Amino acid sequence: MPGKMVRIPPSLCVKCRGAKMLCGLSYCPVSIVDRVKKVYTFRGNSISGSSPPSLFVGRYGYPKINIYPSTPPFSGNTGYLEDESKWLSQDLNDFISGRLSLLRGGIKVSVDAASNPDYRLQEIQVSSLSSNPVDVEMTVEKSFRDNIVLDENITPMGPSSPLKSIKFGNYHIDNRIEKLYYDKDLRASEGVISLYERGMGINGISKALSAGSLGTGKRRRIVPTRWSITATDKAISDRLVDEIKDYREIDSFEVYVRKTQGNLFVAILAPGQWMFEWGESWFPGSTWNSFGRSVEIELDYEGYHGRKTYPEIGGCYYSSRLAVAEKYRDMKRTGSAMLWREIYPGFNLPVGVWYVRENVRELFRSKPERFDTVNDAIKYVSRFTAVDIKAWKAKSNNLKYLVSNLDNY
């Protein structure tokens, strides 16, 4: 639980009472634990509630893995728990405690069971595609423990237990996906693009992919949630990048800056052909630099023809790449992109790659500052970064390329 990750002097909590964030964290562990306890008031191993709907698929033991239909132990309009378009505007305490209320009942299945699902698996698949919250009655074999999911790629999920029985009611398949579910001739990648063009969010698309509801007949597979999110971001951004390469180049350097609690997001769009990079700097006391004494910078990039290897920086590479490709497509222009993120002390809870995707999308909704030269753009960026701009310049592959080709600008 979040409260176990840091030791906060009690005197600070007494003064703050969850209102001032005096401990420096971007969330309040006391508040989250208190809210989750209020949700977990049921006794025994039977839960009933309204699932948003929600589904999680683990990756351990592949190709025999656990699939978890999930529900909070309360009823009502719970759709907001799976609606990524609303998460960014939520208070972080509300978001985390809401997601941790999703209780998971797990069954072990072979990934290829998706091609010929039995009745229970088909019920899980179809109900997960519902456009409205689903009534769920679930009995698990053991009481829920504290095995919650907090991961850099996956949206937080509540605890799990082996599933004994489950009933679904009042679900209606989203009409954007119903035809694709029964279409056994359409490839999964084409299904992903089709759903995106029909306005479905990344969370909904990756959930359909994860449940094994997309793809051609015998090749349908259940996909771990962690992989399905990245596969969705990559497939869609690949398609958009191919499209924007045909557009005219932007004619100036555009700088976007966004500050959030515990984070700084910076984007520099530059004239030229498509290139992309995503960099992160983790300060001591942040999620992945809890024990360090200096800032750690990691960065991955690609040239015009893309990458041949998976970026070491992880799934956030493709979630940010998608947001950039969407921006260029909206502009009907092309160019290169340098995206840098600084993560400060106190932001020490992984909440999933949606956080990067939605923040970069929001970043591009702001008005940019425009410059004629890359040096002026970098000088402007240096006014906001806590990391010495020399360190970013030394790490950035695309900036080195731009500087070495200054005569072209």
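**Figure 1. Helix α9 gives the most to the lining of the second largest pocket, with five residues.** The model shown here and in the other figures is predicted. The second largest pocket holds about 400 Å³ of space. Its lining consists of 17 residues, and those nearest the centre of the pocket are Ala188, Ser189, Leu209, Arg219 and Val223. Helices α7 (188-197) and α9 (225-244) each supply at least two residues of this lining. Sorted by class, the lining of the second largest pocket has eight nonpolar, five polar and four charged residues.

**Figure 2. The largest pocket has about 780 Å³ of space.** A total of 38 residues line the largest pocket, with Asp83, Glu84, Ser85, Met200 and Gly201 lying nearest its centre. At least two lining residues come from each of the helices α3 (84-87), α6 (175-182), α8 (202-210), α10 (316-331) and α11 (354-363). Helix α8 gives the most to the lining of the largest pocket, with five residues. The lining of the largest pocket is made up of 13 nonpolar, 11 polar and 14 charged residues.

**Figure 3. Helix α8 is largely enclosed by the rest of the structure, because eight of its nine residues are buried.** A residue counts as buried when its relative accessible area is under 20%. The buried residues of α8 are Ile202, Asn203, Ile205, Ser206, Lys207, Ala208, Leu209 and Ser210. In an α-helix there are 3.6 residues a turn, so residues three or four places apart point the same way. Leu209 of α8 is also one of the residues nearest the centre of the second largest pocket. After α8 comes Gly212, which has a positive phi, near 75°.

**Figure 4. Strand β4 (residues 103-110) pairs with β3 and with β6.** Six of the eight residues of β4 are buried, so the strand is largely enclosed by the rest of the structure. Strand β3 (residues 64-71) pairs with β4 in the antiparallel sense, over six bridges. In this pairing Ile65 stands opposite Val109 of β4. Strand β6 (residues 160-169) runs parallel to β4 and is joined to it by three bridges. Here Gly106 stands opposite Pro162 of β6.

**Figure 5. Six strands form an open sheet with mixed pairing.** The order of the strands in this sheet is β11-β10-β13-β9-β8-β14. Strands β11 (296-302) and β14 (369-371) are the edge strands, and each of them pairs on one side only. On average, neighbouring strands of the sheet are turned by 15° against each other, direction ignored.

**Figure 6. Strand β10 (residues 275-282) pairs with β13 in the parallel sense and with β11 in the antiparallel sense.** The pairing of β10 with strand β13 (residues 336-343) extends over eight bridges. Within it, Phe276 stands opposite Ala337 of β13, and the bridge partner of Ser281 is Glu342. The pairing of β10 with β11 has seven bridges. Phe276 stands opposite Glu302 in β11.

**Figure 7. Both faces of strand β10 are covered.** Eight of the eight residues of β10 are buried, so this strand is largely enclosed by the rest of the structure. Side chains in a regular strand alternate between the two faces of the sheet. In β10, one side carries Met275, Glu277, Gly279 and Ser281, and the other carries Phe276, Trp278, Glu280 and Trp282. The residues on both sides are all buried.

**Figure 8. The whole chain contains 14 helices and 14 strands.** This overview places the close-up views in context. The chain has 409 residues, of which 55% count as buried. Of the contacts between residues at least 6 apart in sequence, 75% join residues at least 24 apart.

Key: Residues numbered from 1 in each chain as written. Predicted model: local features only at pLDDT ≥ 70, side-chain atom pairs only at ≥ 80, totals over all residues. Heavy atoms only, no water. 1 Å grid on protein atoms, 1.4 Å probe; cavity = no way out; pocket = protein on both sides within 12 Å on 5 of 7 lines; lining within 4 Å. Points joined across faces, edges and corners; volume = space filled by probe spheres on them. Helix = DSSP H or I, 4+ residues; strand = E, 2+ residues; numbered from the N terminus. Nonpolar A, V, L, I, M, F, W, Y, C, P; charged D, E, K, R; others polar. Buried < 20%, exposed > 50% of the residue type's maximum accessible area, 1.4 Å probe, protein only. Pairing = 2+ DSSP bridges. Axes fitted to C-alpha atoms, helices over the stretch in contact; angles between N-to-C directions. Contact = heavy atoms within 4.5 Å.
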